Amino acid sequence: MHAFEWFAGHATRGAGSPIAFALAVGVVLLWAVTGPMFDYSETWQLVINTATTIITFVMVFLIQQTQNKDSLAVHLKLNELLASHRHASSRLVSIEDLDEEDLKKLAAFYRQLSELAERESDIEETHGLDDALQTHVAKKEARHDLEEEVAAGLGSKERRGDGSRDGGTAGSRGSGSDEAV
């Protein structure tokens, strides 16, 4: 298996090189130039069709093997970053093993996190999977507590009837209306 990996890696790197592209263009041009010599026969057409089909068929497997190996390496690098970052969720380490429905649920959750961050309008604020909703709930509770304190403070001033809302004493303008003077 190791020999196949080595071959697949070298073949895909070679196939993606400028030299390989130049060779492919050269072969196609040579084939096109020989068309009049072979009277554009079916055999002449069959040569290029068969060659390109075989090369494409083989390259699909070579490229796929290299892509699988590269994808695994990228996943391992990302897993290492997730595992080493203290704010990252460890549950994301192997999400590539989830089925498509679970991945869609996770994507929807991250859309919600994005919306939360936009509402907070703090570009430096980030949320991890495990603490994002907890942080959001804590912020909502803090805002609610603050609103209750403010409302309680205003209510006590109104109950005292000391006129502190309009800056004067109670009944200083007769009716206590907000008319402009």
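Guide: One term first: buried means under 20% relative accessible area, exposed means over 50%, and partly exposed is in between, with a 1.4 Å probe and protein chains only. By that rule, both Glu 100 and Lys 104 are exposed.

Visitor: And what kind of model is this?
Guide: This is a predicted model, where local features need pLDDT of at least 70, side-chain atom pairs count only at pLDDT 80 or more, and totals for chains, interfaces and linings use all residues. Residues are numbered from 1 along each chain as its sequence is written, and side-chain values use heavy atoms, with hydrogens and water left out.

Visitor: How many helices and strands are there in the protein?
Guide: The protein has 5 helices and 0 strands. From the N terminus on, its elements run α-α-α-α-α. Helices (H or I, at least four residues) and strands (E, at least two) are DSSP runs, numbered from the N terminus.

Visitor: Back to Glu 100. What does it form with Lys 104?
Guide: A salt bridge, with the closest N and O atoms 3.7 Å apart. The term means a side-chain nitrogen of Lys or Arg within 4 Å of a carboxyl oxygen of Asp or Glu.

Visitor: How many salt bridges does a search of the whole structure find?
Guide: It finds 2. Glu 101 also forms one, with Lys 105, and there the closest N and O atoms are 3.8 Å apart. Glu 101 and Lys 105 both lie in helix α4, 4 residues apart. Glu 101 is exposed, and so is Lys 105.

Visitor: Still in that helix: is Leu 106 buried or exposed?
Guide: Leu 106 is found in helix α4. It counts as buried because its relative accessible area is 15%. Its C-alpha atom is 9.6 Å from that of Leu 92, 14 residues apart along the chain.

Visitor: New topic. What about Gln 65, buried or exposed?
Guide: Gln 65 is buried, because its relative accessible area is 14%. Its place is in helix α3, residues 42-84.

Visitor: Which residues is Gln 65 in contact with?
Guide: Leaving aside neighbours within four places in sequence, they are Phe 4, Glu 5 and Ala 8. Contact means heavy atoms within 4.5 Å.

Visitor: And over the protein, how much is buried?
Guide: Buried residues make up 15% of the 181 residues. The protein exposes about 14500 Å², and carbon and sulfur atoms supply 62% of it. Such areas come from the Shrake-Rupley method with a 1.4 Å probe; for residues, only the protein chains shown count as cover.

Visitor: Which residues make the nonpolar surface patch?
Guide: Ile 54, Phe 57, Val 58, Val 60 and Phe 61 make a patch of about 500 Å². Phe 57 lies in helix α3. It counts as exposed because its relative accessibility is 54%.

Visitor: What counts as a patch?
Guide: Patches are made of residues with over 30% relative accessible area and no salt bridge; like charges are joined within 9 Å, and nonpolar side chains (Val, Leu, Ile, Met, Phe, Trp, Tyr) within 5 Å.

Visitor: Which residues form the negative one?
Guide: Glu 141, Asp 145, Glu 147, Glu 148 and Glu 149. Asp and Glu count as negative, Lys and Arg as positive, and His and the chain ends are not counted. The place of a charge is NZ of Lys, CZ of Arg, CG of Asp or CD of Glu. Glu 147 is in helix α5, residues 132-160, and is exposed at 53% relative accessible area.
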